[in-house]
Amino acid sequence: MAAAGGVLLTASLAGCSGGGDGGGDDGDDGGDDGNGEYEYIDDEPDYGDWFSDTDLYEGTVDWTGESSVSVDVGAGSNGYQFGPPAIAIDSGTTVTWEWTGKGQSHNVKAEDGSFDSGTAEAGDDVTFEHTFESTGTYQYICVPHETVGMVGAVHVV
Ligand SMILES: [Cu+2]
């Protein structure tokens with residue numbers, strides 16, 4: 001009886017010890033804005049190489065069914081991107097771009113001229129909004145940072 005109890009006790013302690021060694025993630029901390037909650041549309045528009053320098057781009061975020069949505073101006077690790085870069089909305093939806101204060105001065109300018117926030121501005125209290133009345137895919141840029149991937153798209157369905 002005593003011997004059997006000893007064996008059981010040893011096994012139990014071994015189990016505890018093993019459990020205590022947990023943890024140890026590799027510390028690869030990404031440092032992005034936690035985009036894991038987004039849902040993306042299934043029928044992705046053909047953007048060509050529009051987002052080739054935009055590392056936040058993972059697809060077109062499905063924000064259809066919303067009357068108003070907002071996009072960060074100054075996203076990503078350096079603040080030189082839009083967050084999220086590509087969104088899908090219904091016609092009639094208002095998009096508000098909200099400056100985060102990161103990445104110096106920004107603006108929002110449509111490639112087709114249909115909307116333009118004007119001169120690039122800095123600060124975290126700047127906003128610009130536009131209501132999209134017509135379907136289509138609207139590509140836009142931040143003029144100072146287009147070349148480092150600060151570009152976006154609004155896909156209106
Ligand atoms: Cu910018």
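**View 1. Strands β8 and β9 pair antiparallel.** Six bridges join β8 (residues 136–141) to β9. Strands are DSSP runs of E with at least two residues, numbered from the N terminus. Two of them pair if DSSP finds at least two bridges between them. In this pairing, T137 stands opposite H155 of β9. The model is predicted: local features need pLDDT of at least 70, side-chain atom pairs count only at pLDDT 80 or more, and totals for chains, interfaces and linings use all residues. Residues are numbered from 1 along each chain as its sequence is written, and side-chain values use heavy atoms, with hydrogens and water left out.

**View 2. Strands β4 and β9 run parallel.** Four bridges link β4 (residues 86–89) to β9. I89 stands opposite V156 of β9.

**View 3. Both faces of β9 are covered.** Six of the six residues in β9 (151–156) are buried, meaning under 20% relative accessible area with a 1.4 Å probe, protein chains only. V151, A153 and H155 lie on one side. G152, V154 and V156 lie on the other. In a regular strand, side chains alternate between the two faces of the sheet.

**View 4. Four protein donors surround the copper ion.** They are H106 (ND1), C142 (SG), H145 (ND1) and M150 (SD), at 1.9 to 2.4 Å. Donors are N, O and S atoms within 2.8 Å of the metal (3.2 Å for Na, K and Ca); water is not among the atoms, so sites may look incomplete. Donor angles span 93 to 127 degrees, and the site is tetrahedral (four donors, all angles between 85 and 135 degrees). The sequence spacing is H-x35-C-x2-H-x4-M.

Terms used: Buried < 20%, exposed > 50% of the residue type's maximum accessible area, 1.4 Å probe, protein only. Tetrahedral: all angles 85-135°; square planar, octahedral: opposite > 155°, others 65-115°.
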